[in-house]
Amino acid sequence: MPHPLGGIPPSAVGGLATPATPEVERLLTATDGGGTANEGASPATLPARGEPAERLALPSDPRELHEAAIANGWSDGLPIIPPTPELVEALIACGDRDALDVIGVLPPGHGLVTVEVVAANAAMAGCEPRAFPVVLAAVEAILDESHNVAGMNATTHPVAETIVVSGPIAEELGIHSGSGCFGPAFPANASIGRAIRLVLLNIGGAQPGRGDRATQGTPAKFASCFAENAEANPWEPFHVARGLEAGASAVTVFGSEGPHNIRDGDSNTGEGLLRTIAGAMSQPGSNNILNRGNPLLALCPEHAALLAGDGWTRERIREWLFEHARYPAGKLSPELRRAIAVRRVPEGDVPEGGQERFDDDVMLPIAEAPEDIQVVVAGGAGKHSAWFPSWGRLSRPVTVPIAARR
């Protein structure tokens, strides 16, 4: 159905829905299911092995290669590294699985994800072979049902895959966790993040305006990958907080926007700093006010040290933010309040009588529970932290251990 859908009167909905009815009926009654290859496949119905990828002869001139990649829809708009059989095999050799092993099916195009095609995209992104286990783990995490990559690609929200790496492998690969870690100039961060985007584009078919319906998108869709600053982290490692052993290496994927800066160079108590952070995170236009979810707070080392020195644990920070990072319903439009009220809001937040709106004095939280707010330490000198608004509770962050090379 054509946009706009949000904010239109009920009387106008039928005018948009009626023309779409014949196509819906056709898809529901088609003898072939009306879908695409692999659509609706479950782990039980997927083949254990895929077919070898097709080999193509491509131009050797870098400019011509770039133009061929653009013409065929294989690129994110930037030049690619040729995924030669030798380079792809070198990446696969650093993983723990065979080339034709099937990892899953990636929507919206429902492409069959084999280790070989993931390696080809990682090669195009410029990944060094040693980084391939991180890419494989991230793909596995994205395919987890609770992550809901199908929904994230279908939404108009500017949601990207943010990849947080923690554990010894981050230092081994040079995945940057210090000054400027969300930005350019760090090959491991850029190539791993870009590899995931190319996988979504080329295997999943998440092309902007077609498979990916984001209204404006976000630069984070090019690459969003960084490591936990383990040296500056005063608490347990992030992957331990996510349920893994301390000595493990892991990747956690978030469906999130790009980072929003939180500047506070003046507060000198933990609670004073958290007041600034709570104010920044209770942003009325974010999906976390509309639909809650799993926002990610990336504390800079100086902010983390202030909090830890003042006796704040990660758990206590999450609890405080859950109670204080809230936005008054009375400042929102009546229409938006009604929309929030009907989005499966837990009982107790909706006024008695079941009115489809919130009273003015209701404070809207950014998450369903304190443990849904994620806290990691990243960055370098300076008192700038950041938070990553999430898509909402329809997608959960997923943590996967990074397998050792076979």
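Biologist: Is C300 buried or exposed?

Modeller: In this predicted model, C300 is buried, and its relative accessible area comes to 2%.

Biologist: And which cysteine sulfur is nearest to C300?

Modeller: The nearest cysteine sulfur to C300 belongs to C181 and lies 10 Å away, and C300 is in no disulfide.

Biologist: What about C127, how far is its sulfur from the closest cysteine sulfur?

Modeller: The closest cysteine sulfur to that of C127 is in C225, at 8.8 Å, which is too far for a bond. C127 also counts as buried, with a relative accessibility of 5%.

Biologist: Switching to helices, at roughly what angle do α6 and α9 cross?

Modeller: Helix α6, residues 132-142, and helix α9, residues 187-202, have axes that cross at roughly 45 degrees and come within 10 Å of each other. The two helices are therefore oblique to each other, and their crossing is right-handed.

Biologist: Which residues make that contact between α6 and α9?

Modeller: From α6 the contact is made by V134, V135, A138, V139 and I142, while α9 brings in I192, A195, I196 and V199. Divided by class, the residues of this contact are nine nonpolar, no polar and no charged.

Biologist: Where does α5 come in, and how do the axes of α5 and α9 cross?

Modeller: The axes of α5 and α9 come within 8 Å and cross at roughly 130 degrees, and these helices are therefore oblique to each other. The crossing of α5 past α9 is right-handed.

Biologist: Which residues meet there?

Modeller: On the α5 side they are V118, N121, A122, M124 and A125, and these meet S191, R194, A195, L198, V199 and N202 in α9. By class, this contact of α5 with α9 has seven nonpolar, three polar and one charged residues.

Biologist: How do the axes of α4 and α5 cross?

Modeller: Helix α4, residues 85-93, and helix α5, residues 115-125, have axes that come within 9 Å and cross at roughly 115 degrees. That makes α4 roughly perpendicular to α5, and the crossing of α4 and α5 is right-handed.

Biologist: And which residues of α4 and α5 meet?

Modeller: In α4 they are L87, V88, L91 and I92, and in α5 they are V115, E116, A119, A120, A122 and A123. The residues of this contact divide into nine nonpolar, no polar and one charged.

Biologist: Let's look at loops. What kind of peptide bond joins P107 and P108?

Modeller: P107 and P108 are joined by a cis peptide bond, with omega at about 10 degrees. P108 sits in the loop between β1, residues 102-106, and β2, residues 111-114.

Biologist: What is the phi of H110?

Modeller: Phi of H110 is near 60 degrees, a positive value in a residue other than glycine. H110 is found in the loop between β1 and β2, and at 15% relative accessibility H110 counts as buried.

Biologist: Where is N148, and what is its phi?

Modeller: N148 has its place in the loop between α6 and α7, where α7 is 149-154. The phi of N148 is positive, about 60 degrees, although N148 is not a glycine. With a relative accessibility of 25%, N148 counts as partly exposed.

Biologist: Back to P108, how far apart are G205 and P108 in sequence and in space?

Modeller: G205 and P108 are 97 residues apart in sequence, and their C-alpha atoms are 6.1 Å apart in space. G205 lies in the loop between α9 and β4, the latter being 225-227, and G205 counts as partly exposed at 29% relative accessibility.

Biologist: Which residues does G205 touch?

Modeller: Leaving aside residues up to four places away in sequence, G205 touches P108, L200 and G211.

Biologist: Last one, is A220 buried or exposed?

Modeller: A220 is buried, with a relative accessible area of 11%, and A220 is found in the loop between α9 and β4. The C-alpha atoms of A220 and V159 are separated by 8.3 Å, while the two residues are 61 residues apart along the chain. Not counting residues up to four places away in sequence, A220 touches A160 and G258.

Notes. Residues are numbered from 1 along each chain as its sequence is written. This is a predicted model: local features need pLDDT of at least 70, side-chain atom pairs count only at pLDDT 80 or more; totals for chains, interfaces and linings use all residues. Side-chain values use heavy atoms; hydrogens and water are left out. Axes are lines fitted to C-alpha atoms, for helices over the stretch in contact, and angles run from 0 to 180 degrees between N-to-C directions. Helices (H or I, at least four residues) and strands (E, at least two) are DSSP runs, numbered from the N terminus. Angles under 35 degrees count as roughly parallel, over 145 as roughly antiparallel, 65 to 115 as roughly perpendicular and the rest as oblique. A crossing is left-handed if the near helix is turned anticlockwise from the far one by less than a right angle, and right-handed if clockwise. Contact means heavy atoms within 4.5 Å. Ala, Val, Leu, Ile, Met, Phe, Trp, Tyr, Cys and Pro count as nonpolar, Asp, Glu, Lys and Arg as charged, and the others, Gly among them, as polar. A disulfide is a pair of cysteine sulfur atoms within 2.5 Å. Buried means under 20% relative accessible area, exposed over 50%, partly exposed in between (1.4 Å probe, protein chains only).
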